[in-house]
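I have opened a new notebook page and will jot down what I look up as I go. Come along if this structure is new to you too.

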Amino acid sequence: MYNLAWAVVLLPLGGFLFAFLPESPRRAAQVCVTFTAAAFVMAMVVLLYRVAHVRDNPYQSMVTFWTFDPGTKMIGGFISDFHMQVGVVVDGLSAVMMAVVSFVSLLVQVYATGFMRRDDGYTRHFTTLLLATFAMLALVASPNLFQLWLFWEALGGCFFLLVGHWWQRDEAASAARRMFLVTGIGDLALLLAIVFLYTKLAASIALQPAPPGQSVNDPLNFFSLQKEWTAVMSGHVQGSGPRTLIILSLLLLLAAMAKSALVPLHGWLRGVFEEAPAPVIALISSVTVGAAGVFLIARMDPLFLAAPHVLSVVGLFGALSAVAGAVFALAQSDIRGLLAWLTVSQFGLMFVALGVGADGAAIFQLVAHAWFGCVLVFAAGSLVTAYRTTDIREMGGAWNAMRTSSRALLVAAASSAGAVLLAGFWSLSAITAGVLRNQFPNLGHVSGGVKGVLIVCVAAAVLLGAMSPLRMFFTVALGELPRRRGFQPQRVRELGGRVTAATTALAVLAAIGGFAGIPGVRASFSNFVYTLRPPGTGSAVLGLVITAVLGLAGASLAWALHRGALRLPAARATALLAEGLRVDAAYEWVVQHVVVRPAPLVETVDQAVGGNLDELGTGVDLGAETGRRWQLGRIDAVTVSALAGGALVAGLIVLGATGHLPHVGATR
Amino acid sequence: MDAGLDHFVVLSALLFAVGAFGMVARRNLLGVLMSAQVMLMASAIALAAFARFGYKGTHPLSGAVFALFVVVAGAAEVIVATSLLLLVHRRRDTVDVDALDDLRG
C-alpha cells in the first residue's frame with residue numbers, strides 16, 4: 001500500500017507531460033485536474049492506510065541513481081560514500097502533507113478553471129501549477145536532504161513562472177524576480193547547510209549499519225541523521241560538536257525563514273499578492289512555498305531539539321512575524337496587503353509552535369491555514385474581480401450580491417480568528433497550549449524569559465489577527481454599497497459554478513476540519529504526525545479557554561471598528577504601518593547602493609569578454625560560409641559524391657575482410 | 001563456352017558503370033531516372049547470379065529473394081519518381097536537371 005506514494009508523487013508529473021497533448025486549453029486543464037484528483041485519491045489511500053497502521057516504522061522506498069564509492073577522486077579532492085538517491089518516505093508527517101498538498105492543489109485548479117477563463121496563458125498556467133504540485137509532493141515525500149533541496153529549488157523555479165504569469169506587466173515580472181531572489185537567499189543557506197553537514201558527518205554516518213531494507217547508508221537520509229545528532233551532541237563524532245549543530249540549524253532556519261516569508265525576509269510576499277493570479281496566491285500562501293519552510297524545520301526537528309538555543313531563536317523570529325503581521329494587517333485597507341500580512345502572521349505562529357517543540361501543533365496550524373487561508377484568497381479573488389478594485393472601503397453589500405463567496409469569507413475569517421469550534425480555533429489553541437506547556441519531546445524547554453515573550457506575542461497575535469479578517473468581512477459583506485463613478489453595483493456577481501464550488505468545499509473544511517486535531521486528546525492529529533513521541537497533553541484546556549476569549553475579544557473589537565465606535569490611531573502612524581515600517585524601502589536603498597551602482601563595472605568586464613566571443617562567432621560564420629559553397633544542389637555532383645563514398649566504404653570493407661587493414665580481422 | 005559466375009559479375013559491374021555514367025551525364029530528368037533503374041538492375045543481376053551459382057557448394061535462396069525485392073523496390077521507385085517528374089514538369093515547364101538547383105547552399 002505504501003508503494004502508492006510513488007504514484008502520488010509521479011502522477012502530477014505525468015499529468016504535466018500529458019497536458020501538452022490536447023490542442024484545446026480546456027482539455028489541457030481537464031487533464032491537469034484529472035491527474036491531480038488521481039494523486040489526491042492515492043494520497044488519501046496512503047494516509048488512511050497509515051492511520052490504520054499507525055505504529056509502523058516509517059516506510060522508505062528509494063532508487064539509487066549513482067554511488068560514489070569511498071575515496072572516489074573528484075576535481076579538487078576526494079568524495080566519500082555519497083549515494084545519489086531519490087525516493088519516497090511515508091510517515092505521519094509526509095502522509096498528511098501529501099494528502100493536504102494534493103487536495104488543496106486540486107481545488108486551486110478547479111477554482112482556476114473558472115477564474116482564469118479567457119486568459120491567454122490558460123494551458124501554461126495549468127501545466128505550471130501541476131509542475132509546482134509535483135515539486136511540492138516530491139519535497140514532502142523526500143527521504144533525504146538531497147532530494148528535498150532539489151525540489152526546494154524546483155519549487156522556486158515553478159513559482160517564478162507562476163507569479164510572473166502576466167509577465168507583460170513590468171510589476172508582475174518584478175514581483176516574480178523579487179520572490180525568486182529573496183527566497184534564493186534561503187536556497188543558498190540550505191545548500192550551504194547540506195554541504196557543511198556532508199563534510200562534517202558523512203564519514204561518521206557511513207560507519208553506521210544500513211537501515212533495514214536498504215543496501216546502502218545514505219549520509220543525507222533523515223533517519224540516518226536522526227541517530228547522528230545525539231552522537232554529535234555527546235561528542236562521539238570526531239571533529240564536530242554542539243557548535244556544528246548550532247551552525248547547521250541556523251542555516252536551516254535562514255532557509256526556512258526566506259521560504260516562509262518571515263520578517264525580515266517577508267518583502268517578496270506583498271508583491272506576489274499584488275501581481276500573481278488568485279489561484280497562484282492561494283497555492284503559494286497555503287501549501288507550497290510558505291509551507292516548505294515550516295516543513296523543513298518540522299522534518300529536521302531532531303536536529304533542532306539537539307540545539308535547543310536555536311529553537312528559542314526560531315520561536316522569537318516566529319513571534320516577531322506573528323505580531324508584526326497582525327499589526328500591519330490591521331492598518332491595511334488594500335485587500336491584497338491585508339491578506340499578505342495575515343499570511344506572514346500565520347506562518348509566524350507556526351514558527352512559534354516549532355520553537356516550543358510543539359511540532360504537531362505547527363503542522364496542524366499549517367493544515368488549518370491551508371483551508372481558511374485558501375478560502376480567504378479565493379473569496380478575495382472573486383471580490384476583486386467583481387468590484388474591480390482592491391480597496392475594501394470601496395466594496396460593500398457582498399452578503400446579498402455574492403452569496404456563496406461572502407458566506408465562505410465569513411467562515412474563513414471566523415476560522416482564522418479562532419472562533420469556537422471552527423478549524424482555526426483548534427489549531428490556534430494547540431499552539432497556545434504548546435507555548436504554555438513549553439516542553440520539548442526530549443524534555444527540554446525554552447528559558448523562562450523567552451517563554452514569557454512568546455506567551456505575550458502569541459496572545460497579541462491571536463487578538464490582533466482576529467480583528468483584520470473579520471473587519472474585512474464586515475466592511476465587504478455588510479457595509480454600504482459603494483458609490484463610484486462608472487461603477488454599476490448590479491453587475492457584482494459570482495464568477496461561476498466552479499469558482500464557488502471550490503470555495504465552498506474548502507470553506508466546509510475550514511469550518512469542520514478542526515475536529516481531527518482537538519488538543520489534549522490522545523488520538524488526535526499531532527500525535528499521528530509524530531507517532532513515535534510521547535504526546536504532550538498538558539495545558540490543553542487553558543489553551544482552549546485563552547484562544548476562545550482572545551478570539552471573541554478580537555471579533556468584538558473588529559465589530560466596534562466597523563461600527564465606528566473605535567478608531568485606529570492617528571492617520572500618520574497607520575500610513576507608516578501600512579508600508580510595513582518601510583522595511584521594503586530600506587531594502588530598495590541597499591539594493592540601489594550595493595548592487596545597482598557597481599553594476600556598470602560588470603558591464604565593462606562583459607564588454608571585454610564579449611568582444612572575444614564576438615570574434616569567435618565571426619570565425620564560425622566564416623567557416624559555415626565556406627562549407628556552404630560545397631553544397632551545389634546538382635544531381636550529378638550528389639551522384640558522384642555518393643558513388644565515391646560508396647566506393648570508399650566498399651574498398652575498406654574488402655581490405656578489412658582480406659586482412660589488409662591493421663587492427664581489423666576477417667570475421668570468417 | 002558456358003557462362004560462369006565471373007561473366008555475370010562483370011556484366012553487373014559494367015551495367016552499374018553505365019548507369020552511374022548516365023546518372024551523372026544525362027541532362028534530362030527522365031534519363032537520370034532510367035540510369036538509376038539500370039544501376040538497380042545491375043545489382044539485381046549480381047544478386048541473382050550469386051544465388052544461382054552458390055557459395056562454397058551452398059545455394060542460398062536469399063540472393064534470389066533479394067533480387068526480387070530489388071525489382072519490386074525499383075518498380076515502386078519508378079512510380080513515385082515519374083509522378084514527381086510530372087509535377088516538376090507541370091510547375092517549371094522543364095525537366096532539365098541543371099535548372100533544378102533549389103538545394104544549392
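**Where the chains touch**

I started with the contact between the chains in this predicted model. Chain A brings 11 residues to the contact, and chain B brings 10 residues.

**Scores**

I checked the confidence before going on. The model has an ipTM of 0.80 and a pTM of 0.77. For chain B I wrote down a mean pLDDT of 88, with 98% of its residues at 70 or more. A reminder to myself: where pLDDT is low, the predicted coordinates should not be read in detail.

**Domains of chain A**

I looked up the domain assignment of chain A. Domain 1 is given as 4-71 + 83-483 + 505-574, and domain 2 as 632-668. How many Å separate the centres of domain 1 and domain 2 of chain A? I noted 67 Å, taken over C-alpha atoms.

**Helices H3 and H4 of chain A**

Then I turned to pairs of helices. Two packed helices are described by the angle between their axes and the distance between the axes. In chain A, the axes of helix H3 (residues 92-115) and helix H4 (residues 122-140) come within 9 Å and cross at roughly 170°. Because angles over 145 degrees count as roughly antiparallel, H3(A) is roughly antiparallel to H4(A). Among the residues making the contact I marked Met97(A), Val101(A) and Val108(A) on H3(A), and Phe126(A), Leu129(A) and Met136(A) on H4(A). By class, the contact of H3(A) with H4(A) has 10 nonpolar residues, 6 polar and no charged.

**Helices H18 and H22 of chain A**

My last pair was helix H18 (residues 423-437) and helix H22 (residues 540-563) of chain A, whose axes come within 8 Å and cross at roughly 125°. Is H18(A) parallel, antiparallel or oblique to H22(A)? I wrote down oblique for H18(A) and H22(A). The crossing of H18(A) past H22(A) is right-handed. The residues in this contact include Phe425(A), Leu428(A) and Leu436(A) of H18(A), along with Leu544(A), Ile546(A) and Gly551(A) of H22(A). I counted the classes here as well: the contact of H18(A) with H22(A) has 10 nonpolar, 5 polar and no charged residues.

Definitions and conventions. Residues are numbered from 1 along each chain as its sequence is written. Chains are lettered from A and ligands numbered from 1 in the order in which they are written. This is a predicted model: local features need pLDDT of at least 70, side-chain atom pairs count only at pLDDT 80 or more; totals for chains, interfaces and linings use all residues. Two residues are in contact if their C-beta atoms, placed from the backbone, lie within 7 Å. pLDDT is the predictor's confidence in each residue, from 0 to 100. Domain bounds come from an automatic or database domain assignment. Axes are lines fitted to C-alpha atoms, for helices over the stretch in contact, and angles run from 0 to 180 degrees between N-to-C directions. Helices (H or I, at least four residues) and strands (E, at least two) are DSSP runs, numbered from the N terminus. Angles under 35 degrees count as roughly parallel, over 145 as roughly antiparallel, 65 to 115 as roughly perpendicular and the rest as oblique. Ala, Val, Leu, Ile, Met, Phe, Trp, Tyr, Cys and Pro count as nonpolar, Asp, Glu, Lys and Arg as charged, and the others, Gly among them, as polar. A crossing is left-handed if the near helix is turned anticlockwise from the far one by less than a right angle, and right-handed if clockwise.
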